[in-house]
Amino acid sequence: MGFLKEFKEFAVKGNVVDLAVAVIIGGAFGKIVASFVKDIVMPPIGVLLGGMEFTDLAIVLKESSVGPAGEELGPVLLTYGIFIQNVVDFIIVAFVIFIAVKAMNSMKKKEEAAPAPPPAPPKSEVLLEEIRDLLKK
């Protein structure tokens, strides 16, 4: 039973839950960025480059052939266009994350810049001040 209790404590810790939420949101964010790049960024770039579709860019390493059993084997392709699109995806994700982290850091700096109230004096100091005030009377 100790093992299960230890696992439960681990799984319910705030850091694990925060990490799980971050992974889920990151996955969804990745899909949004991939769609943004594929459906919004790359088509105008393709038009500017003469109607080129980046995902279709490939180098044929081996042409289509017929296998020993008579089945047709597709060509072997080096699809560098998909790689280019993934690099663009990465650059956009990295830039957006950079902007988000920069914004969060600036908010933290503003919170830290707010002056903290002075700490309350210890009880012994308060008692000594009361004694001093009584002696003055």
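The following paragraphs lead through the structure, from its overall build to a single pair of side chains. The model is predicted.

The protein chain contains four helices and four strands. Followed along the sequence, these elements come in the order α-α-β-β-β-β-α-α.

The overall dimensions come next. Along the principal axes, the C-alpha trace of the protein chain spans about 110 × 55 × 20 Å. The radius of gyration of the protein chain is 31 Å, whereas a compact globule of 137 residues would have one near 14 Å. Of the 137 residues, 9% count as buried, a class that requires under 20% relative accessible area. The protein chain exposes about 11,700 Å², and carbon and sulfur atoms supply 71% of this area. Where contacts join residues at least 6 apart in sequence, 39% of them link residues at least 24 apart.

The charges may be considered next. The structure holds one salt bridge. In that salt bridge, the side chains of R132 and D133 meet, with a distance of 3.4 Å from N to O. Are these two residues buried, partly exposed or exposed? D133 counts as partly exposed because its relative accessibility is 38%, and R132 is likewise partly exposed, with a relative accessible area of 43%. Both values fall in the range between the limit for buried residues, under 20%, and the limit for exposed residues, over 50%.

Key: Residues numbered from 1 in each chain as written. Predicted model: local features only at pLDDT ≥ 70, side-chain atom pairs only at ≥ 80, totals over all residues. Heavy atoms only, no water. Helix = DSSP H or I, 4+ residues; strand = E, 2+ residues; numbered from the N terminus. Rg over C-alpha atoms; globule rule 2.2 N^0.38 Å. Buried < 20%, exposed > 50% of the residue type's maximum accessible area, 1.4 Å probe, protein only. Contact = heavy atoms within 4.5 Å. Areas by Shrake-Rupley, 256 points an atom, 1.4 Å probe, with all protein chains shown as cover. Salt bridge = Lys/Arg side-chain N within 4 Å of Asp/Glu carboxyl O.
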